[in-house]
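Please read this briefing with the sequence and the model side by side, and follow each residue as it is named.

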Amino acid sequence: MHIVHTEASCGWGGQEIRILTEAEGMLRRGHRVTLLCPPEARIFAEAQQRKIPAVALPIGRKRLPGVLALRRWLKAVPVDVINTHSSTDTWLVALASRLLGQPPPLVRTRHISAPVPKNRLTRWLYQKATAHIVTTGEKLRLQLILENGYDPARITSVPTGMDTEYYVPGHRAARRAQLGIDANVLVIGIAATLRSWKGHEYLVQAFSRLSTRPSRLVILGDGPQRETLRRQIMELGLQDRVFMPGDQRDVLPWLQAMDIFVLPSYANEGVPQAIMQAMLCALPVVTTPVGSIGEIVTHDSTGLLVRPKDADELWRALERLAADDALRERLGKQARQFGLAHFGLTPMLEKMEKIFAGAMATMRR
């Protein structure tokens with residue numbers, strides 16, 4: 001198949017990483033893959049570095065030039081299926097397809113749990129213009145069925161696959177020496193784009209009250225909340241205990257240096273890849289039951305779940321883990337076992353192949 005991915009977003013996070021991971025996997029399986037995205041988007045540069053064919057088009061905004069550019073490209077290049085990933089590129093592809101005689105089928109992947117508008121135009125987009133909808137978690141699938149009334153037969157949950165041979169536990173002391181982190185402190189970490197709904201401010205509040213043992217907080221990532229978080233850290237007097245090394249191309253060394261991983265999101269999540277990576281590294285995870293997180297983190301089994309926007313409950317969970325080495329070890333071990341059983345790359349690729357083939361068959365009828 002010639003699979004085309006489109007992404008209008010210029011941001012960087014789990015959604016963009018999944019697109020590239022899936023594209024690499026499909027290339028290895030013998031398919032042709034092309035990414036269409038704005039020239040200024042980080043995913044464009046990342047795709048080139050990974051040797052994924054990418055074409056720059058003006059699709060960053062819902063404007064006529066983007067529709068026309070897509071139409072020209074699709075008219076010139078034979079395509080079997082288009083997989084769109086954000087609202088903007090989905091609309092642009094749908095409209096461009098209307099201008100083609102025989103457009104390829106459109107598969108829409110929904111990565112987050114933000115509500116889908118309930119209006120006639122959006123319903124046309126999802127139920128008429130789109131051949132199939134993919135969600136990254138079952139709860140997101142049910143949301144579209146129960147809240148939007150979409151046809152369940154045309155929606156499939158396909159969790160993101162991880163490289164289970166890469167994300168493994170490491171030698172904590174060696175990693176800390178490599179990264180310049182004290183070997184004798186408890187290290188709590190988060191890896192996420194610095195967006196408000198990732199809940200960093202609640203983690204910083206909870207961490208400021210941690211008293212069980214000497215500890216450090218590592219905040220990996222960059223984004224619009226960086227300066228807000230810096231001010232909060234300064235106001236709480238935590239500048240010597242909180243490290244913000246910025247965006248990291250490879251988070252594995254940092255995960256292997258941590259004792260606890262936290263992601264206190266309060267909105268918009270699917271199944272965060274950072275949690276999956278942490279679980280495969282045998283880290284005890286503290287998170288919230290937002291989006292489809294509850295599908296991989298079971299309270300007191302593969303992690304601890306706390307209420308969103310509740311710094312007190314988050315603090316209590318951290319105190320509990322900080323004081324109990326055996327609990328941290330048990331949760332981390334069980335998290336890794338769950339991850340090995342459920343997070344593989346092959347199931348994701350096989351499911352997406354089946355969906356693409358089904359969408360193509362539907363268009364031929």
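Strand β9 (residues 215-220) is largely enclosed by the rest of the structure, because five of its six residues are buried, where buried means under 20% relative accessible area, exposed over 50% and partly exposed in between, with a 1.4 Å probe and protein chains only. This is a predicted model, in which local features need pLDDT of at least 70 and side-chain atom pairs count only at pLDDT 80 or more, while totals for chains, interfaces and linings use all residues. Residues are numbered from 1 along each chain as its sequence is written, and side-chain values use heavy atoms, with hydrogens and water left out.

**Neighbours of β9**
- Strands here are DSSP runs of E with at least two residues, and helices are runs of H or I with at least four, numbered from the N terminus; two strands pair if DSSP finds at least two bridges between them.
- Strand β8 (residues 186-191) runs parallel to β9 and is joined to it by six bridges, with Val218 as the bridge partner of Gly189.
- On β10 (residues 242-246), which is parallel to β9 and joined to it by three bridges, Phe243 is the bridge partner of Val218.

**Charges over rings**
- A charge sits over a ring if NZ of Lys or CZ of Arg is within 6 Å of the ring centre and within 35 degrees of the ring normal.
- Arg209 lies over the face of Trp315, at 3.9 Å from the ring centre, and the charged end of Lys309 sits over the ring of Tyr266, 4.4 Å from its centre.
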